Amino acid sequence: MNTIFRKSMLSIAGLAFAGGVFAGPIAAHANPAVDTKPVAAAVQSAAPKPQGTQSHIDLNDEQTANAKAIIAATKKAGLPERAAVISIATSLQESKLENLGHLGDANDHDSLGLFQQRPSSGWGTPEQITNPEYSTTAFLKGLRQVDGWQDMPLTDAAQTVQVSAYPDAYAQWEQQATDLVAHHWNS
């Protein structure tokens, strides 16, 4: 099956799936006499709220390993979890966390790797760009050059580095990226 078609279908399926997944549990046995605040609510309020409708895909072992590689490279660079969230969301949009080689006629110019970086645009050699640690480090180098990236909406930070034809597309992956970082940051 054509890779672009497959990815399009996965994206559509992810949107449909996300509608049910992110609805959340209902507290059926709440005790109104006890005044408590759930810890998760306090933690969530400190993090930026994802923008717009969120997408979600189920990850295979390779995609999970790539997410872990992005987290490891972010830690090695001495950057906070927010940088890993932006990086993973960007990779989810660009490649669905797949380390893509040349796709023939379906290729977007000479874009390669997790972040669809282009050798002709100075991101590195094809061998470097398809190395998850290198490509993440290159992305993070660009992110560090964005003034105020820590406080701006994820999609704006990612777009400033990537210069995509679809600047708002990164926002849809913020929740899944946040969940992946929360799950794997300390593992």
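With a relative accessibility of 0%, Ser-87 counts as buried, because the cut-off for that class is under 20% relative accessible area. The model in which this residue is seen is a predicted one, and Ser-87 has its place in helix 4. Leaving aside residues up to four places away in sequence, Ser-87 touches Ile-70, Thr-74, Phe-115, Phe-139 and Leu-140.

The protein has eight helices and zero strands, so that the order of elements, read from the N terminus on, is α-α-α-α-α-α-α-α. Of its 187 residues, 38% count as buried, and Ser-87, at 0% relative accessibility, is one of the buried residues. The accessible surface of the protein comes to about 10600 Å², and 56% of this surface belongs to carbon and sulfur atoms. When contacts between residues at least 6 apart in sequence are considered, 63% of them join residues that are at least 24 apart.

Helix 4, the element that holds Ser-87, also takes part in a helix pair. The axes of helix 4, which covers residues 81-95, and helix 7, which covers residues 154-162, come within 10 Å and cross at roughly 70 degrees. That angle makes helix 4 roughly perpendicular to helix 7, and the crossing of these two helices is right-handed. On the side of helix 4 the contact is made by Arg-82, Val-85, Ile-86, Ala-89, Thr-90 and Glu-94, while helix 7 brings Leu-154, Ala-157, Ala-158 and Gln-162. Sorted by class, the contact of helix 4 with helix 7 has six nonpolar, two polar and two charged residues.

Helix 7 has a further partner in helix 6, which spans residues 132-144; the two pack at an angle of about 110 degrees, with their axes 9 Å apart. Because of this angle, helix 6 is roughly perpendicular to helix 7. Here Phe-139, Gly-142 and Leu-143 in helix 6 meet Ala-157, Ala-158, Val-161 and Gln-162 in helix 7, and by class this contact has five nonpolar, two polar and no charged residues.

Read side by side, the two contacts can be linked through particular residues. Ala-157, Ala-158 and Gln-162 of helix 7 take part in the contact with helix 4, and these residues also meet helix 6.

Note on methods: Residues are numbered from 1 along each chain as its sequence is written. This is a predicted model: local features need pLDDT of at least 70, side-chain atom pairs count only at pLDDT 80 or more; totals for chains, interfaces and linings use all residues. Side-chain values use heavy atoms; hydrogens and water are left out. Axes are lines fitted to C-alpha atoms, for helices over the stretch in contact, and angles run from 0 to 180 degrees between N-to-C directions. Helices (H or I, at least four residues) and strands (E, at least two) are DSSP runs, numbered from the N terminus. Angles under 35 degrees count as roughly parallel, over 145 as roughly antiparallel, 65 to 115 as roughly perpendicular and the rest as oblique. A crossing is left-handed if the near helix is turned anticlockwise from the far one by less than a right angle, and right-handed if clockwise. Contact means heavy atoms within 4.5 Å. Ala, Val, Leu, Ile, Met, Phe, Trp, Tyr, Cys and Pro count as nonpolar, Asp, Glu, Lys and Arg as charged, and the others, Gly among them, as polar. Buried means under 20% relative accessible area, exposed over 50%, partly exposed in between (1.4 Å probe, protein chains only). Accessible areas come from the Shrake-Rupley method with a 1.4 Å probe; for residues, only the protein chains shown count as cover.
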